[in-house]
Amino acid sequence: MPETPQVAATQSPIGPQHRELLDQILDKWSLEILETLCEQPRRFNELRKAIPAITQKSLTTTLRRLERNGMVERIVTRTRPLAVEYQIAPLGKTFRDPVDALLNWTTAHMSDVAHARERFDAETSIEASAS
């Protein structure tokens with residue numbers, strides 16, 4: 001009988017595929033685009049106006065990446081001129097609750113993180129000045 005490979009107890013359940021996907025859907029612009037599209041479908045220029053800090057290149061790249069990962073759908077309307085609209089895909093809708101949980105956690109712990117950063121910065125500046 002062939003042996004089944006066993007996963008080492010210390011091996012992280014987070015593998016390269018997990019990291020790649022999370023990098024692609026939890027980055028700065030992806031979250032803002034998904035949040036904006038949760039309100040309603042938008043055309044490209046409407047997204048640019050809703051997120052003024054994003055460049056055209058970053059918006060294009062992020063929308064394509066979100067579409068590739070099944071989070072956003074690109075709808076082409078057969079009008080003159082052609083119109084393209086972006087909306088949250090069904091898979092993207094399932095992402096709402098985990099993102100809300102992360103945002104709630106960050107809101108609840110923002111001051112704890114700020115204190116940890118201050119403590120770290122103070123300790124490292126003391127160590128640097130002692131050197």
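Does Thr36 count as buried or exposed at 9% relative accessibility? Thr36 counts as buried, where buried means under 20% relative accessible area, exposed means over 50%, and partly exposed lies in between (1.4 Å probe, protein chains only).

## Basis of the model

This is a predicted model, in which local features need pLDDT of at least 70 and side-chain atom pairs count only at pLDDT 80 or more, while totals for chains, interfaces and linings use all residues. Residues are numbered from 1 along each chain as its sequence is written, and side-chain values use heavy atoms, with hydrogens and water left out.

## The sheet

Three strands make up an open, antiparallel sheet, in the order S1-S3-S2. Strand S1 (42-43) and strand S2 (72-77) are at the edges with a single partner strand each, so one side of each has no neighbour in the sheet. Helices (H or I, at least four residues) and strands (E, at least two) are DSSP runs, numbered from the N terminus. Two strands pair if DSSP finds at least two bridges between them.

S2 pairs with strand S3 (residues 83-88) over six bridges, in the antiparallel sense. A hairpin of five residues joins S2 to S3, and Thr77 stands opposite Ala83 in S3. S1 and S3 are also antiparallel, with two bridges; here Arg42 stands opposite Tyr86 in S3.

Thr36 lies in helix H2. Apart from neighbours within four places in sequence, Thr36 is in contact (heavy atoms within 4.5 Å) with Arg42, Leu47, Ala50 and Ile51.

## A surface patch

Leu22, Leu26 and Leu102 form a nonpolar surface patch with about 230 Å² of accessible area together. Accessible areas come from the Shrake-Rupley method with a 1.4 Å probe; for residues, only the protein chains shown count as cover.

Leu102 is in helix H6 (residues 96-130). Leu102 counts as partly exposed because its relative accessibility is 46%.

Notes
Patches are made of residues with over 30% relative accessible area and no salt bridge: like charges are joined within 9 Å, nonpolar side chains (Val, Leu, Ile, Met, Phe, Trp, Tyr) within 5 Å. A salt bridge is a side-chain nitrogen of Lys or Arg within 4 Å of a carboxyl oxygen of Asp or Glu.
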